[in-house]
Amino acid sequence: GQLQSLKVLDLNRNQLTELPTALCSLAALEKLYVGNNEVTCLPAALGQLQSLKELSLSVNNLREVPEAVWSLAALEQLHLDSNKLSSLPAAMGQLQSLK
């Protein structure tokens, strides 16, 4: 598609309940902001965003974070505040680049 070089995508405050899987094909994406929505789950294909450095999922309705997130090796910032998470898996330790 035409958005293959897109580096930043801001979807904050759009009342989204889910993210389209097609978003996961944006290989150059470095920053994805999905805060203040109604997201309840994330696509497994999110793990394909290997250039992603910042992922903001604050203020949503997430009950768990999919395993795919823990494979985002370049991820430096992960924002999960104000969700419905009861715990974080030990796999979170795989994110060696987190600051």
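Me: What counts as a helix or a strand here, and how many strands does the protein chain have?
Reply: Helices, of at least four residues, and strands, of at least two, are DSSP runs numbered from the N terminus. In this predicted model, the protein chain contains zero helices, and its pattern along the sequence reads β-β-β-β. The number of strands is four.

Me: What radius of gyration does the protein chain have, and what would a compact globule with 99 residues have?
Reply: The C-alpha atoms of the protein chain occupy a box of roughly 40 × 30 × 20 Å along the principal axes. A compact globule with 99 residues would have a radius of gyration near 13 Å, and the value for the protein chain agrees with this, being 12 Å.

Me: What share of the residues of the protein chain counts as buried?
Reply: The accessible surface of the protein chain is about 5600 Å², and carbon and sulfur atoms hold 48% of that surface. For a single residue, buried means under 20% relative accessible area. Among the 99 residues of the protein chain, the share that counts as buried is 40%.

Me: Which residues touch the most other members of the largest nonpolar core?
Reply: The largest nonpolar core has 27 residues. For valine 69, once neighbours within four places in sequence are left aside, the contacts are Leu42, Leu46, Leu55, Leu78 and Leu95. The residues that touch the most other members of this core are Leu32, Leu55 and Val69.

Me: Is serine 56 buried or exposed?
Reply: Serine 56 belongs to strand β3, which covers residues 54–56. Not counting residues up to four places away in sequence, serine 56 touches Leu32, Tyr33, Val34, Gly35 and His79. Because its relative accessibility is 11%, serine 56 counts as buried.

Me: Where does asparagine 37 lie, and which residues is it in contact with beyond its neighbours within four places in sequence?
Reply: Asparagine 37 is placed in the loop between β2 (31–33) and β3, and with a relative accessible area of 5% it is buried. With neighbours within four places in sequence left aside, asparagine 37 is in contact with Leu11, Asn12, Arg13, Asn14, Gln15, Leu16, Val59 and Asn60.

Me: How many Å apart in space are glutamine 4 and alanine 27, C-alpha to C-alpha?
Reply: Glutamine 4 lies in the segment before β1 (8–10), and its relative accessible area of 36% makes it partly exposed. Leaving aside neighbours within four places in sequence, glutamine 4 is in contact with Ser25, Leu26, Ala27 and Ala28. Although glutamine 4 and alanine 27 are 23 residues apart in sequence, their C-alpha atoms are separated in space by 6.4 Å.

Me: Why does aspartate 81 count as partly exposed?
Reply: Aspartate 81 sits in the segment after β4 (77–79), and apart from neighbours within four places in sequence it is in contact with Ser58 and Val59. The C-alpha atoms of aspartate 81 and leucine 6, which are 75 residues apart along the chain, are separated by 26 Å. Partly exposed lies between the limits of under 20% for buried and over 50% for exposed, and aspartate 81 counts as partly exposed because its relative accessibility is 42%.

Me: How many Å apart do the centres of the positive and negative side chains lie?
Reply: The protein chain carries 7 positive side chains together with 9 negative ones.

Terms used:
Residues numbered from 1 in each chain as written. Predicted model: local features only at pLDDT ≥ 70, side-chain atom pairs only at ≥ 80, totals over all residues. Heavy atoms only, no water. Core = buried A, V, L, I, M, F, W, Y, C linked by side-chain atoms within 4.5 Å. Buried < 20%, exposed > 50% of the residue type's maximum accessible area, 1.4 Å probe, protein only. Contact = heavy atoms within 4.5 Å. Rg over C-alpha atoms; globule rule 2.2 N^0.38 Å. Areas by Shrake-Rupley, 256 points an atom, 1.4 Å probe, with all protein chains shown as cover. Lys, Arg positive; Asp, Glu negative; His and termini not counted. Charge placed at Lys NZ, Arg CZ, Asp CG, Glu CD.
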